[in-house]
Amino acid sequence: MLTHPDALTERDRLQLKAVLANCPELTALTEHVRSFAHMVTGLEGDRLPEWIESARAATDLPSLNRFAQHLERDLDAVIAGLTQPWNSGVVEGHVNRIKMLKRQMFGRAGFELLRKRVLLA
């Protein structure tokens, strides 16, 4: 369900089709998930309010309804995140690396050793 349909093997595609044939709720959820994924990968944030309305209308999917409700809390920021090509991935990667180094060295040394390790890495 979370994999792009073109990336599924024939066996997985048939298995997913069989599962979806037996559960209409999963079929509806799959359509919503794929629509949202298309919006994210295509930077089509302007379609978000329409998607939220359709997700909120799916009363038989309470988890999807709650997800849509949480997106509405900061709608402008979410739309900007789904529309703008910029991201903070590089910065987050560096912060994650520094935190990992700090966890590895926790209790072993002071700030000086951590500083040397970060500068040499």
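Asp60 sits in the loop between α3 and α4 (62-73). Helices here are DSSP runs (H or I, at least four residues), numbered from the N terminus. The model is predicted: local features need pLDDT of at least 70, side-chain atom pairs count only at pLDDT 80 or more, and totals for chains, interfaces and linings use all residues. Residues are numbered from 1 along each chain as its sequence is written, and side-chain values use heavy atoms, leaving out hydrogens and water.

Asp60 is partly exposed. Its C-alpha atom is separated by 25 Å from that of Gly45, 15 residues apart along the chain. Thr30 belongs to helix α2. Asn65 lies in helix α4. The table gives the accessibility of each residue. Buried means under 20% relative accessible area, exposed over 50%, and partly exposed in between (1.4 Å probe, protein chains only).

| Residue | Relative accessible area | Class |
|---|---|---|
| Thr30 | 3% | buried |
| Asn65 | 17% | buried |
| Asp60 | 43% | partly exposed |

What does Thr30 touch, not counting residues up to four places away in sequence? Its partners are Met1 and Leu20. Under that exclusion, Asn65 touches Ala55, Arg56 and Ala58. Contact means heavy atoms within 4.5 Å.

**Helix α2 against helix α3**

Helix α2 (residues 24-41) packs with helix α3 (residues 48-57) at an angle of about 170 degrees. Their axes are 11 Å apart. Axes are lines fitted to C-alpha atoms, for helices over the stretch in contact, and angles run from 0 to 180 degrees between N-to-C directions. So α2 is roughly antiparallel to α3, a label for angles over 145 degrees.

From α2, the contact uses His32, Ser35, Phe36 and Met39. From α3 come Leu48, Trp51, Ser54 and Ala55. By class, the contact has 5 nonpolar, 3 polar and no charged residues. Ala, Val, Leu, Ile, Met, Phe, Trp, Tyr, Cys and Pro count as nonpolar; Asp, Glu, Lys and Arg are charged; the others, Gly among them, are polar.

**The largest pocket**

The volume of the largest pocket is about 160 Å³. A pocket is an open set of points on a 1 Å grid, where a 1.4 Å probe fits, with protein on both sides within 12 Å along at least five of seven lines. Its volume is the space filled by probe spheres set on the points.

Which residues line the largest pocket? They are Met1, Leu2, Thr3, His4, Pro5, Val33, Arg34, Ala37, His38 and Thr41. Lining residues have an atom within 4 Å of a point. This lining divides into 5 nonpolar, 4 polar and 1 charged.

Technical notes. Helix = DSSP H or I, 4+ residues; strand = E, 2+ residues; numbered from the N terminus. Parallel < 35°, antiparallel > 145°, perpendicular 65-115°, else oblique.
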